[in-house]
Amino acid sequence: MSDLFYLNTRLHAMRAQLLSRREYETILALPDLSSIAAALRESPYGQFIESTGGEVPEAARIEEALRRNVSRTLSRLLAISSGDCAEGVRIVLGRWEVQAVKTVLRGIVSGASPAEILSSLVPTGLHDEAALEEMCRQADPRALAELMVTWREPLGRPLLRALPSFREPRDLAILESAMDRCWFEQAAKRLQEIQPSSPWADGEDALPLFVSLSVDTTNLMTVLKEVVDRIVPGNPDRHLLPGGRIFDTNALDRIRASPTLAEALQEAGRSLFLRPLATLPAPAKEIPFLAVVERQLDRVLLRASRGLARVDPLGWGPLVSFLLDKLREVRNLRMIVRARLVDLPEAELGHLLILEY
Amino acid sequence: MTDLSPSRMNLLLLKDRERAARGALELLRSKREALARELFAIAGQAVATRGALEETIRRATWALAVALGHEGRADVESAAFAARREIPVSISERSFWGIRVPEIRWQGIVRSADARGYSFPGVASATQAAAREFEKALQAVLEVVAVETRFKKIGAEIGKSTRRINVLNEVILPGLRTRMRTILLALEERERENVFRMKRFKGRTR
(Lines give C-alpha, C1' and ligand atoms only; values in the text may rest on other atoms or scores of the structure.)
Protein backbone atom coordinates (compact mmCIF):
# COMPACT_ATOMS: atom_id res chain seq x y z
CA MET A 1 0.00 0.00 0.00
CA SER A 2 3.05 2.27 0.03
CA ASP A 3 2.13 3.19 -3.57
CA LEU A 4 -1.19 4.49 -2.32
CA PHE A 5 0.44 6.44 0.50
CA TYR A 6 2.77 8.06 -2.04
CA LEU A 7 -0.18 8.84 -4.33
CA ASN A 8 -2.15 10.33 -1.44
CA THR A 9 0.78 12.52 -0.47
CA ARG A 10 1.02 13.81 -4.03
CA LEU A 11 -2.75 14.27 -4.15
CA HIS A 12 -2.55 16.30 -0.97
CA ALA A 13 -0.13 18.66 -2.72
CA MET A 14 -2.27 18.76 -5.86
CA ARG A 15 -5.36 19.53 -3.79
CA ALA A 16 -3.62 22.65 -2.53
CA GLN A 17 -3.69 23.92 -6.13
CA LEU A 18 -7.51 23.95 -6.17
CA LEU A 19 -9.14 27.34 -5.90
CA SER A 20 -10.02 28.53 -2.43
CA ARG A 21 -13.41 29.91 -1.35
CA ARG A 22 -11.98 33.44 -1.51
CA GLU A 23 -10.73 33.00 -5.04
CA TYR A 24 -14.13 31.61 -6.08
CA GLU A 25 -15.95 34.52 -4.50
CA THR A 26 -13.63 36.96 -6.28
CA ILE A 27 -14.21 35.31 -9.66
CA LEU A 28 -17.98 35.14 -9.12
CA ALA A 29 -18.08 38.85 -8.37
CA LEU A 30 -16.24 39.77 -11.58
CA PRO A 31 -18.52 41.32 -14.18
CA ASP A 32 -16.87 40.37 -17.48
CA LEU A 33 -14.75 37.80 -19.22
CA SER A 34 -11.57 39.83 -19.47
CA SER A 35 -11.47 40.35 -15.71
CA ILE A 36 -12.20 36.64 -15.13
CA ALA A 37 -9.36 35.73 -17.51
CA ALA A 38 -7.08 38.16 -15.67
CA ALA A 39 -7.99 36.56 -12.32
CA LEU A 40 -7.39 33.07 -13.72
CA ARG A 41 -3.98 34.18 -15.03
CA GLU A 42 -3.01 34.70 -11.39
CA SER A 43 -4.14 31.16 -10.46
CA PRO A 44 -2.67 27.73 -11.35
CA TYR A 45 -4.60 28.00 -14.63
CA GLY A 46 -2.42 30.94 -15.69
CA GLN A 47 0.21 28.93 -17.59
CA PHE A 48 -2.54 27.08 -19.49
CA ILE A 49 -4.21 30.34 -20.50
CA GLU A 50 -0.86 31.72 -21.67
CA SER A 51 -0.16 28.55 -23.66
CA THR A 52 -3.36 28.91 -25.71
CA GLY A 53 -1.97 31.48 -28.12
CA GLY A 54 -3.50 32.91 -31.27
CA GLU A 55 -6.28 35.37 -31.89
CA VAL A 56 -9.10 33.51 -30.14
CA PRO A 57 -12.00 34.96 -28.14
CA GLU A 58 -11.45 35.14 -24.39
CA ALA A 59 -14.13 32.49 -23.63
CA ALA A 60 -12.57 30.01 -26.06
CA ARG A 61 -9.13 30.69 -24.61
CA ILE A 62 -10.32 29.99 -21.04
CA GLU A 63 -12.25 26.92 -22.18
CA GLU A 64 -9.19 25.50 -23.97
CA ALA A 65 -7.00 26.27 -20.95
CA LEU A 66 -9.41 24.38 -18.68
CA ARG A 67 -9.47 21.43 -21.10
CA ARG A 68 -5.68 21.27 -21.16
CA ASN A 69 -5.56 21.55 -17.39
CA VAL A 70 -8.00 18.64 -16.91
CA SER A 71 -6.08 16.57 -19.43
CA ARG A 72 -2.77 17.34 -17.68
CA THR A 73 -4.26 16.52 -14.25
CA LEU A 74 -5.67 13.18 -15.40
CA SER A 75 -2.40 12.24 -17.13
CA ARG A 76 -0.43 13.24 -14.07
CA LEU A 77 -2.49 10.97 -11.84
CA LEU A 78 -1.49 8.00 -13.95
CA ALA A 79 2.13 9.12 -14.06
CA ILE A 80 2.48 9.30 -10.27
CA SER A 81 0.84 5.95 -9.54
CA SER A 82 2.17 2.42 -9.84
CA GLY A 83 1.15 -1.17 -9.07
CA ASP A 84 -2.36 -1.70 -7.64
CA CYS A 85 -2.55 2.01 -7.27
CA ALA A 86 -2.19 2.53 -11.02
CA GLU A 87 -4.93 -0.05 -11.53
CA GLY A 88 -7.23 1.97 -9.25
CA VAL A 89 -6.43 5.16 -11.16
CA ARG A 90 -7.09 3.32 -14.45
CA ILE A 91 -10.53 2.27 -13.18
CA VAL A 92 -11.40 5.88 -12.41
CA LEU A 93 -9.90 7.24 -15.64
CA GLY A 94 -11.76 4.53 -17.57
CA ARG A 95 -14.87 6.71 -17.55
CA TRP A 96 -13.05 9.43 -19.54
CA GLU A 97 -11.47 6.81 -21.76
CA VAL A 98 -14.91 5.42 -22.68
CA GLN A 99 -15.95 8.98 -23.54
CA ALA A 100 -12.83 9.43 -25.71
CA VAL A 101 -13.50 6.20 -27.65
CA LYS A 102 -17.16 7.23 -28.08
CA THR A 103 -16.01 10.58 -29.52
CA VAL A 104 -13.65 8.86 -31.95
CA LEU A 105 -16.43 6.47 -33.01
CA ARG A 106 -18.94 9.28 -33.48
CA GLY A 107 -16.43 11.30 -35.46
CA ILE A 108 -15.55 8.36 -37.73
CA VAL A 109 -19.20 7.46 -38.39
CA SER A 110 -20.16 11.09 -39.10
CA GLY A 111 -17.22 11.54 -41.49
CA ALA A 112 -15.39 14.18 -39.43
CA SER A 113 -11.71 14.75 -40.18
CA PRO A 114 -9.08 13.31 -37.77
CA ALA A 115 -8.10 16.87 -36.77
CA GLU A 116 -11.72 17.69 -35.90
CA ILE A 117 -12.08 14.53 -33.81
CA LEU A 118 -8.75 15.10 -32.08
CA SER A 119 -9.73 18.61 -31.01
CA SER A 120 -12.84 17.16 -29.29
CA LEU A 121 -10.87 14.75 -27.12
CA VAL A 122 -9.65 15.16 -23.57
CA PRO A 123 -6.52 12.96 -23.37
CA THR A 124 -6.33 11.13 -20.04
CA GLY A 125 -2.86 9.65 -20.27
CA LEU A 126 -4.18 6.14 -20.93
CA HIS A 127 -3.51 6.93 -24.59
CA ASP A 128 -0.86 9.36 -25.73
CA GLU A 129 -1.41 11.91 -28.51
CA ALA A 130 0.06 9.62 -31.20
CA ALA A 131 -2.24 6.74 -30.20
CA LEU A 132 -5.29 9.00 -30.24
CA GLU A 133 -4.28 10.32 -33.68
CA GLU A 134 -3.96 6.77 -34.98
CA MET A 135 -7.44 5.96 -33.59
CA CYS A 136 -8.92 9.06 -35.27
CA ARG A 137 -7.39 8.07 -38.61
CA GLN A 138 -9.30 4.75 -38.79
CA ALA A 139 -11.74 4.49 -41.68
CA ASP A 140 -14.66 2.80 -39.92
CA PRO A 141 -15.75 1.38 -36.55
CA ARG A 142 -14.50 -2.10 -37.45
CA ALA A 143 -10.99 -0.79 -38.18
CA LEU A 144 -11.04 1.08 -34.86
CA ALA A 145 -12.21 -2.00 -32.94
CA GLU A 146 -9.54 -4.16 -34.60
CA LEU A 147 -6.86 -1.58 -33.81
CA MET A 148 -7.94 -1.54 -30.16
CA VAL A 149 -7.94 -5.34 -30.01
CA THR A 150 -4.40 -5.32 -31.46
CA TRP A 151 -3.35 -2.88 -28.74
CA ARG A 152 -5.05 -5.15 -26.12
CA GLU A 153 -7.34 -2.33 -25.07
CA PRO A 154 -10.05 -3.47 -22.63
CA LEU A 155 -12.74 -1.79 -24.76
CA GLY A 156 -11.57 -3.42 -28.01
CA ARG A 157 -13.20 -6.86 -27.68
CA PRO A 158 -16.64 -5.68 -26.48
CA LEU A 159 -16.63 -3.16 -29.34
CA LEU A 160 -15.80 -5.88 -31.86
CA ARG A 161 -18.52 -8.14 -30.40
CA ALA A 162 -21.15 -5.39 -30.73
CA LEU A 163 -20.28 -4.59 -34.37
CA PRO A 164 -22.59 -7.19 -36.03
CA SER A 165 -25.65 -5.68 -34.27
CA PHE A 166 -24.48 -2.19 -35.28
CA ARG A 167 -23.98 -2.97 -38.99
CA GLU A 168 -27.62 -3.07 -40.11
CA PRO A 169 -29.31 -0.11 -38.34
CA ARG A 170 -25.96 1.77 -38.05
CA ASP A 171 -27.15 2.90 -34.63
CA LEU A 172 -24.15 4.15 -32.63
CA ALA A 173 -26.18 3.76 -29.44
CA ILE A 174 -25.62 -0.02 -29.71
CA LEU A 175 -21.84 0.36 -29.65
CA GLU A 176 -21.93 3.04 -26.96
CA SER A 177 -24.19 0.98 -24.68
CA ALA A 178 -21.85 -1.99 -25.12
CA MET A 179 -18.86 0.15 -24.09
CA ASP A 180 -20.66 1.68 -21.10
CA ARG A 181 -21.69 -1.75 -19.82
CA CYS A 182 -18.20 -3.07 -20.47
CA TRP A 183 -16.57 -0.32 -18.42
CA PHE A 184 -18.83 -0.91 -15.40
CA GLU A 185 -18.49 -4.70 -15.61
CA GLN A 186 -14.71 -4.53 -15.98
CA ALA A 187 -14.47 -1.98 -13.18
CA ALA A 188 -16.45 -4.28 -10.85
CA LYS A 189 -14.22 -7.22 -11.82
CA ARG A 190 -10.98 -5.30 -11.36
CA LEU A 191 -12.16 -3.94 -8.02
CA GLN A 192 -12.34 -7.51 -6.70
CA GLU A 193 -8.74 -8.08 -7.81
CA ILE A 194 -7.42 -4.93 -6.15
CA GLN A 195 -6.73 -5.25 -2.44
CA PRO A 196 -8.80 -3.04 -0.19
CA SER A 197 -7.06 0.24 0.48
CA SER A 198 -6.76 -0.31 4.23
CA PRO A 199 -7.94 -3.67 5.54
CA TRP A 200 -8.12 -2.31 9.07
CA ALA A 201 -10.47 0.50 8.11
CA ASP A 202 -14.15 -0.08 8.89
CA GLY A 203 -16.94 0.59 6.45
CA GLU A 204 -17.07 1.41 2.75
CA ASP A 205 -14.12 1.58 0.37
CA ALA A 206 -14.13 4.63 -1.91
CA LEU A 207 -13.49 2.95 -5.26
CA PRO A 208 -16.42 0.47 -5.15
CA LEU A 209 -18.62 3.26 -3.81
CA PHE A 210 -17.54 5.58 -6.65
CA VAL A 211 -18.37 2.90 -9.23
CA SER A 212 -21.70 1.85 -7.69
CA LEU A 213 -22.84 5.44 -7.05
CA SER A 214 -21.87 6.34 -10.63
CA VAL A 215 -24.04 3.43 -11.81
CA ASP A 216 -26.94 4.54 -9.61
CA THR A 217 -26.80 8.18 -10.68
CA THR A 218 -26.43 7.22 -14.36
CA ASN A 219 -29.38 4.79 -14.16
CA LEU A 220 -31.52 7.34 -12.33
CA MET A 221 -30.75 10.01 -14.92
CA THR A 222 -31.49 7.53 -17.71
CA VAL A 223 -35.01 6.79 -16.45
CA LEU A 224 -35.64 10.50 -15.75
CA LYS A 225 -34.64 11.30 -19.35
CA GLU A 226 -37.04 8.56 -20.50
CA VAL A 227 -39.85 10.15 -18.48
CA VAL A 228 -39.12 13.66 -19.81
CA ASP A 229 -38.81 12.56 -23.46
CA ARG A 230 -41.59 9.95 -23.09
CA ILE A 231 -39.30 7.24 -24.39
CA VAL A 232 -40.74 3.75 -24.21
CA PRO A 233 -37.69 1.51 -24.62
CA GLY A 234 -38.17 -1.76 -26.52
CA ASN A 235 -35.83 -3.48 -24.12
CA PRO A 236 -36.02 -1.51 -20.86
CA ASP A 237 -32.82 -3.02 -19.45
CA ARG A 238 -30.71 -2.18 -22.50
CA HIS A 239 -29.99 1.34 -21.26
CA LEU A 240 -29.46 0.40 -17.61
CA LEU A 241 -26.03 -0.36 -16.21
CA PRO A 242 -25.36 -3.25 -13.85
CA GLY A 243 -23.82 -2.79 -10.41
CA GLY A 244 -25.96 -0.14 -8.75
CA ARG A 245 -26.80 -0.51 -5.05
CA ILE A 246 -29.51 2.07 -4.43
CA PHE A 247 -31.90 1.38 -7.31
CA ASP A 248 -32.74 -2.15 -8.40
CA THR A 249 -34.65 -2.86 -11.62
CA ASN A 250 -38.05 -2.73 -9.84
CA ALA A 251 -37.34 0.67 -8.32
CA LEU A 252 -36.19 2.01 -11.69
CA ASP A 253 -39.32 0.56 -13.36
CA ARG A 254 -41.51 2.35 -10.81
CA ILE A 255 -39.75 5.66 -11.55
CA ARG A 256 -40.02 5.00 -15.28
CA ALA A 257 -43.79 4.42 -14.93
CA SER A 258 -44.33 7.93 -13.53
CA PRO A 259 -46.28 10.16 -15.90
CA THR A 260 -44.43 13.38 -15.04
CA LEU A 261 -40.92 14.39 -14.01
CA ALA A 262 -42.17 15.71 -10.66
CA GLU A 263 -43.76 12.35 -9.84
CA ALA A 264 -40.68 10.50 -11.06
CA LEU A 265 -38.51 12.60 -8.73
CA GLN A 266 -40.93 11.92 -5.89
CA GLU A 267 -40.66 8.19 -6.57
CA ALA A 268 -36.85 8.42 -6.79
CA GLY A 269 -36.93 10.25 -3.46
CA ARG A 270 -38.13 7.03 -1.73
CA SER A 271 -34.48 6.01 -1.55
CA LEU A 272 -31.19 7.19 -0.11
CA PHE A 273 -31.49 10.14 -2.52
CA LEU A 274 -34.40 11.55 -0.50
CA ARG A 275 -32.50 14.54 0.93
CA PRO A 276 -30.74 15.72 -2.24
CA LEU A 277 -33.91 15.35 -4.30
CA ALA A 278 -36.04 17.08 -1.68
CA THR A 279 -33.79 20.14 -1.73
CA LEU A 280 -34.00 20.65 -5.50
CA PRO A 281 -34.98 24.21 -6.48
CA ALA A 282 -38.21 24.85 -8.37
CA PRO A 283 -37.85 24.39 -12.14
CA ALA A 284 -36.90 27.63 -13.92
CA LYS A 285 -37.90 28.44 -17.48
CA GLU A 286 -34.43 29.61 -18.44
CA ILE A 287 -32.41 26.47 -17.75
CA PRO A 288 -33.04 22.75 -18.37
CA PHE A 289 -34.27 21.33 -15.08
CA LEU A 290 -32.69 17.91 -15.60
CA ALA A 291 -29.28 19.64 -15.71
CA VAL A 292 -30.00 20.97 -12.21
CA VAL A 293 -31.01 17.45 -11.06
CA GLU A 294 -27.79 16.11 -12.57
CA ARG A 295 -25.76 18.70 -10.67
CA GLN A 296 -27.53 17.67 -7.46
CA LEU A 297 -26.57 14.04 -8.05
CA ASP A 298 -22.96 15.13 -8.74
CA ARG A 299 -23.14 16.81 -5.35
CA VAL A 300 -24.16 13.48 -3.74
CA LEU A 301 -21.16 11.72 -5.30
CA LEU A 302 -18.83 14.52 -4.22
CA ARG A 303 -20.07 14.55 -0.62
CA ALA A 304 -19.86 10.75 -0.33
CA SER A 305 -16.26 10.72 -1.63
CA ARG A 306 -15.25 13.59 0.66
CA GLY A 307 -16.76 11.73 3.61
CA LEU A 308 -14.73 8.65 2.78
CA ALA A 309 -11.56 10.71 2.28
CA ARG A 310 -12.05 12.11 5.78
CA VAL A 311 -12.73 8.70 7.35
CA ASP A 312 -9.82 6.97 5.61
CA PRO A 313 -7.34 9.60 4.43
CA LEU A 314 -4.85 6.95 3.37
CA GLY A 315 -7.31 4.93 1.27
CA TRP A 316 -8.88 5.49 -2.15
CA GLY A 317 -11.11 8.29 -0.85
CA PRO A 318 -8.61 11.12 -1.49
CA LEU A 319 -8.15 10.01 -5.13
CA VAL A 320 -11.88 9.93 -5.90
CA SER A 321 -12.63 13.07 -3.95
CA PHE A 322 -9.72 14.98 -5.55
CA LEU A 323 -10.88 14.00 -9.03
CA LEU A 324 -14.48 14.98 -8.34
CA ASP A 325 -13.36 18.24 -6.72
CA LYS A 326 -11.15 19.05 -9.71
CA LEU A 327 -14.00 18.39 -12.13
CA ARG A 328 -16.37 20.43 -9.98
CA GLU A 329 -13.94 23.36 -10.10
CA VAL A 330 -13.46 23.18 -13.86
CA ARG A 331 -17.22 22.87 -14.44
CA ASN A 332 -17.90 25.80 -12.12
CA LEU A 333 -15.36 27.99 -13.93
CA ARG A 334 -16.68 27.02 -17.35
CA MET A 335 -20.22 27.67 -16.18
CA ILE A 336 -19.32 31.14 -14.82
CA VAL A 337 -17.60 32.03 -18.12
CA ARG A 338 -20.54 30.85 -20.22
CA ALA A 339 -23.05 32.57 -17.94
CA ARG A 340 -21.22 35.88 -18.33
CA LEU A 341 -21.16 35.38 -22.09
CA VAL A 342 -24.93 34.96 -22.47
CA ASP A 343 -26.04 37.05 -19.46
CA LEU A 344 -27.56 34.11 -17.63
CA PRO A 345 -29.40 35.38 -14.53
CA GLU A 346 -27.42 35.01 -11.30
CA ALA A 347 -30.16 32.94 -9.60
CA GLU A 348 -30.11 30.35 -12.40
CA LEU A 349 -26.31 30.31 -12.42
CA GLY A 350 -26.39 29.55 -8.70
CA HIS A 351 -28.38 26.33 -9.34
CA LEU A 352 -25.72 25.15 -11.77
CA LEU A 353 -22.70 25.68 -9.53
CA ILE A 354 -21.48 23.43 -6.76
CA LEU A 355 -20.01 25.86 -4.27
CA GLU A 356 -18.86 23.52 -1.56
CA TYR A 357 -15.34 23.94 -0.30
CA MET B 1 -50.82 54.33 -82.41
CA THR B 2 -50.53 58.09 -82.49
CA ASP B 3 -50.73 58.18 -86.30
CA LEU B 4 -53.79 55.94 -86.34
CA SER B 5 -56.01 56.99 -89.23
CA PRO B 6 -59.29 58.53 -88.03
CA SER B 7 -61.65 55.86 -89.31
CA ARG B 8 -64.73 54.26 -87.78
CA MET B 9 -62.93 50.93 -87.92
CA ASN B 10 -60.13 52.31 -85.75
CA LEU B 11 -62.61 53.92 -83.41
CA LEU B 12 -64.30 50.54 -82.89
CA LEU B 13 -60.88 48.97 -82.39
CA LEU B 14 -59.97 51.55 -79.75
CA LYS B 15 -63.35 51.08 -78.02
CA ASP B 16 -62.63 47.36 -77.84
CA ARG B 17 -59.20 48.05 -76.40
CA GLU B 18 -60.61 50.47 -73.86
CA ARG B 19 -63.19 47.88 -72.78
CA ALA B 20 -60.46 45.25 -72.43
CA ALA B 21 -58.29 47.66 -70.43
CA ARG B 22 -61.20 48.44 -68.09
CA GLY B 23 -61.79 44.69 -67.63
CA ALA B 24 -58.11 44.17 -66.86
CA LEU B 25 -58.24 47.06 -64.42
CA GLU B 26 -61.17 45.48 -62.57
CA LEU B 27 -59.41 42.14 -62.54
CA LEU B 28 -56.19 43.67 -61.20
CA ARG B 29 -58.13 45.53 -58.51
CA SER B 30 -59.83 42.32 -57.40
CA LYS B 31 -56.50 40.51 -57.43
CA ARG B 32 -54.90 43.24 -55.37
CA GLU B 33 -57.73 43.12 -52.86
CA ALA B 34 -57.47 39.34 -52.55
CA LEU B 35 -53.69 39.56 -52.17
CA ALA B 36 -54.03 42.29 -49.56
CA ARG B 37 -56.50 40.14 -47.61
CA GLU B 38 -54.01 37.24 -47.76
CA LEU B 39 -51.14 39.58 -46.79
CA PHE B 40 -52.98 40.81 -43.69
CA ALA B 41 -53.78 37.21 -42.74
CA ILE B 42 -50.09 36.27 -43.04
CA ALA B 43 -48.85 39.44 -41.32
CA GLY B 44 -50.13 38.30 -37.92
CA GLN B 45 -48.61 34.89 -38.50
CA ALA B 46 -45.28 36.45 -39.56
CA VAL B 47 -45.10 38.58 -36.43
CA ALA B 48 -46.00 35.58 -34.22
CA THR B 49 -43.44 33.25 -35.85
CA ARG B 50 -40.71 35.92 -35.69
CA GLY B 51 -41.45 36.44 -31.98
CA ALA B 52 -41.44 32.67 -31.39
CA LEU B 53 -38.11 32.39 -33.24
CA GLU B 54 -36.47 35.04 -31.08
CA GLU B 55 -37.70 33.32 -27.91
CA THR B 56 -36.58 29.89 -29.12
CA ILE B 57 -33.12 31.16 -30.12
CA ARG B 58 -32.72 32.82 -26.72
CA ARG B 59 -33.64 29.58 -24.93
CA ALA B 60 -31.37 27.56 -27.23
CA THR B 61 -28.45 29.92 -26.60
CA TRP B 62 -28.90 29.57 -22.85
CA ALA B 63 -29.26 25.80 -23.09
CA LEU B 64 -26.05 25.65 -25.17
CA ALA B 65 -24.26 27.87 -22.64
CA VAL B 66 -25.34 25.52 -19.84
CA ALA B 67 -24.22 22.48 -21.86
CA LEU B 68 -20.86 24.04 -22.71
CA GLY B 69 -20.38 25.11 -19.11
CA HIS B 70 -21.47 21.78 -17.67
CA GLU B 71 -19.82 19.38 -20.08
CA GLY B 72 -17.26 21.44 -21.99
CA ARG B 73 -16.79 21.97 -25.70
CA ALA B 74 -15.24 18.53 -26.22
CA ASP B 75 -18.25 16.57 -24.94
CA VAL B 76 -20.79 18.79 -26.69
CA GLU B 77 -18.92 18.44 -29.99
CA SER B 78 -18.71 14.71 -29.44
CA ALA B 79 -22.51 14.49 -29.13
CA ALA B 80 -22.84 16.78 -32.14
CA PHE B 81 -20.81 14.35 -34.28
CA ALA B 82 -23.33 11.61 -33.51
CA ALA B 83 -26.35 13.86 -34.05
CA ARG B 84 -25.26 15.04 -37.55
CA ARG B 85 -27.82 14.36 -40.28
CA GLU B 86 -29.50 15.67 -43.42
CA ILE B 87 -32.45 17.93 -42.64
CA PRO B 88 -35.57 16.51 -44.35
CA VAL B 89 -37.07 19.66 -45.96
CA SER B 90 -39.13 19.65 -49.17
CA ILE B 91 -40.21 22.74 -51.13
CA SER B 92 -43.26 22.69 -53.41
CA GLU B 93 -45.19 25.50 -55.15
CA ARG B 94 -48.85 26.46 -54.79
CA SER B 95 -50.64 28.76 -57.22
CA PHE B 96 -52.58 31.65 -55.72
CA TRP B 97 -54.08 34.19 -58.19
CA GLY B 98 -51.47 33.06 -60.67
CA ILE B 99 -48.58 33.61 -58.28
CA ARG B 100 -46.33 30.68 -57.50
CA VAL B 101 -46.04 30.69 -53.70
CA PRO B 102 -43.41 28.33 -52.24
CA GLU B 103 -44.61 25.90 -49.58
CA ILE B 104 -41.94 24.48 -47.26
CA ARG B 105 -42.63 21.14 -45.61
CA TRP B 106 -40.57 19.30 -43.02
CA GLN B 107 -40.97 16.54 -40.54
CA GLY B 108 -39.03 15.03 -37.70
CA ILE B 109 -36.85 18.06 -37.02
CA VAL B 110 -37.21 17.73 -33.24
CA ARG B 111 -36.08 14.26 -32.28
CA SER B 112 -36.45 12.39 -29.03
CA ALA B 113 -33.33 11.69 -26.98
CA ASP B 114 -33.05 8.10 -28.26
CA ALA B 115 -33.18 9.16 -31.92
CA ARG B 116 -30.14 11.44 -32.04
CA GLY B 117 -27.65 8.75 -32.91
CA TYR B 118 -25.97 8.43 -29.52
CA SER B 119 -26.68 6.35 -26.46
CA PHE B 120 -28.67 8.87 -24.42
CA PRO B 121 -27.74 7.55 -20.94
CA GLY B 122 -24.14 8.53 -21.67
CA VAL B 123 -24.91 12.09 -22.75
CA ALA B 124 -25.50 14.82 -20.16
CA SER B 125 -29.02 16.24 -19.81
CA ALA B 126 -27.69 19.74 -20.49
CA THR B 127 -26.25 18.64 -23.85
CA GLN B 128 -29.50 16.89 -24.75
CA ALA B 129 -31.51 19.94 -23.74
CA ALA B 130 -29.28 22.11 -25.96
CA ALA B 131 -29.77 19.69 -28.87
CA ARG B 132 -33.55 19.73 -28.34
CA GLU B 133 -33.68 23.53 -28.08
CA PHE B 134 -31.61 23.96 -31.26
CA GLU B 135 -33.83 21.51 -33.12
CA LYS B 136 -36.80 23.61 -32.00
CA ALA B 137 -34.93 26.73 -33.15
CA LEU B 138 -34.32 25.14 -36.55
CA GLN B 139 -38.03 24.34 -36.82
CA ALA B 140 -38.85 27.93 -35.87
CA VAL B 141 -36.41 29.18 -38.55
CA LEU B 142 -38.16 27.03 -41.17
CA GLU B 143 -41.55 28.35 -40.03
CA VAL B 144 -40.29 31.93 -40.33
CA VAL B 145 -38.79 31.20 -43.76
CA ALA B 146 -42.06 29.63 -44.96
CA VAL B 147 -44.23 32.52 -43.76
CA GLU B 148 -41.86 35.36 -44.68
CA THR B 149 -41.20 33.99 -48.19
CA ARG B 150 -44.97 33.93 -48.79
CA PHE B 151 -45.24 37.38 -47.23
CA LYS B 152 -42.50 38.84 -49.44
CA LYS B 153 -43.80 37.16 -52.58
CA ILE B 154 -47.35 38.43 -52.00
CA GLY B 155 -46.05 41.87 -51.03
CA ALA B 156 -44.03 42.05 -54.26
CA GLU B 157 -47.06 40.91 -56.27
CA ILE B 158 -49.24 43.61 -54.66
CA GLY B 159 -46.61 46.17 -55.66
CA LYS B 160 -46.56 44.82 -59.20
CA SER B 161 -50.40 44.86 -59.41
CA THR B 162 -50.47 48.44 -58.07
CA ARG B 163 -47.96 49.54 -60.71
CA ARG B 164 -50.03 47.86 -63.43
CA ILE B 165 -53.24 49.47 -62.11
CA ASN B 166 -51.53 52.85 -62.12
CA VAL B 167 -50.23 52.34 -65.65
CA LEU B 168 -53.70 51.34 -66.84
CA ASN B 169 -55.38 54.17 -64.95
CA GLU B 170 -52.96 56.93 -65.68
CA VAL B 171 -51.34 56.06 -69.01
CA ILE B 172 -53.14 53.45 -71.07
CA LEU B 173 -56.81 54.33 -70.45
CA PRO B 174 -56.33 58.14 -70.74
CA GLY B 175 -54.26 57.57 -73.91
CA LEU B 176 -56.95 55.39 -75.44
CA ARG B 177 -59.65 57.89 -74.50
CA THR B 178 -57.64 60.78 -75.99
CA ARG B 179 -57.14 58.88 -79.20
CA MET B 180 -60.83 57.92 -79.32
CA ARG B 181 -61.78 61.57 -78.78
CA THR B 182 -59.36 62.67 -81.52
CA ILE B 183 -60.81 60.14 -83.95
CA LEU B 184 -64.35 61.10 -82.95
CA LEU B 185 -63.57 64.78 -83.50
CA ALA B 186 -61.92 63.98 -86.83
CA LEU B 187 -64.92 61.90 -87.86
CA GLU B 188 -67.34 64.67 -86.82
CA GLU B 189 -65.22 67.22 -88.70
CA ARG B 190 -65.25 64.98 -91.72
CA GLU B 191 -69.05 64.62 -91.37
CA ARG B 192 -69.49 68.38 -91.25
CA GLU B 193 -67.22 68.82 -94.26
CA ASN B 194 -69.28 66.24 -96.13
CA VAL B 195 -72.53 68.03 -95.27
CA PHE B 196 -71.01 71.38 -96.34
CA ARG B 197 -69.68 69.84 -99.60
CA MET B 198 -73.08 68.25 -100.32
CA LYS B 199 -74.83 71.56 -99.75
CA ARG B 200 -72.41 73.36 -102.08
CA PHE B 201 -72.80 70.66 -104.68
CA LYS B 202 -76.60 70.90 -104.37
CA GLY B 203 -76.45 74.74 -104.80
CA ARG B 204 -74.29 74.45 -107.92
CA THR B 205 -76.52 71.88 -109.57
CA ARG B 206 -79.51 74.23 -109.14
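Chain B holds two helices and two strands, where helices are DSSP runs of H or I with at least four residues, strands are runs of E with at least two, and both are numbered from the N terminus. Read from the N terminus, its elements follow the order α-β-β-α. This is a predicted model, in which local features need pLDDT of at least 70 and side-chain atom pairs count only at pLDDT 80 or more, while totals for chains, interfaces and linings use all residues. Residues are numbered from 1 along each chain as its sequence is written, and chains are lettered from A and ligands numbered from 1 in the order in which they are written.

Here are some overall values for chain B.

| Property of chain B | Value |
|---|---|
| Radius of gyration | 34 Å |
| Span of the C-alpha trace along its principal axes | about 125 × 25 × 25 Å |

For a compact globule of 206 residues, the radius of gyration would be near 17 Å; the radius is taken over C-alpha atoms, and the globule rule is 2.2 Å times the number of residues to the power 0.38. Of the 206 residues in chain B, 32% are buried. Buried means that 20 or more other C-beta atoms, placed from the backbone, lie within 10 Å of the residue's own. Among contacts in chain B with a separation of 6 or more, 83% join residues 24 or more positions apart; a contact needs C-beta atoms, placed from the backbone, within 7 Å.

Now to the meeting of the two chains. In chain B, 31 residues are in contact with 39 residues of chain A. On the chain B side, α1 (8-83) and α2 (125-205) are the elements that give two or more residues, and α1(B) has the largest share, with 16 residues. That side divides into 15 nonpolar, eleven polar and five charged residues, with Ala, Val, Leu, Ile, Met, Phe, Trp, Tyr, Cys and Pro counted as nonpolar, Asp, Glu, Lys and Arg as charged, and the others, Gly among them, as polar.

One helix pair deserves a look. The axes of α16 (residues 289-311) of chain A and α2(B) come within 8 Å and cross at roughly 170°, the axes being lines fitted to C-alpha atoms over the stretch in contact, with angles from 0 to 180 degrees between N-to-C directions. The two helices are therefore roughly antiparallel, a term for angles over 145 degrees. Leu290(A), Ala291(A) and Glu294(A) of α16(A) make the contact with Ser125(B), Ala126(B) and Ala129(B) of α2(B).

Note on methods: Contact = placed C-beta atoms within 7 Å. Buried ≥ 20, exposed ≤ 12 C-beta atoms within 10 Å, placed from the backbone. Parallel < 35°, antiparallel > 145°, perpendicular 65-115°, else oblique.
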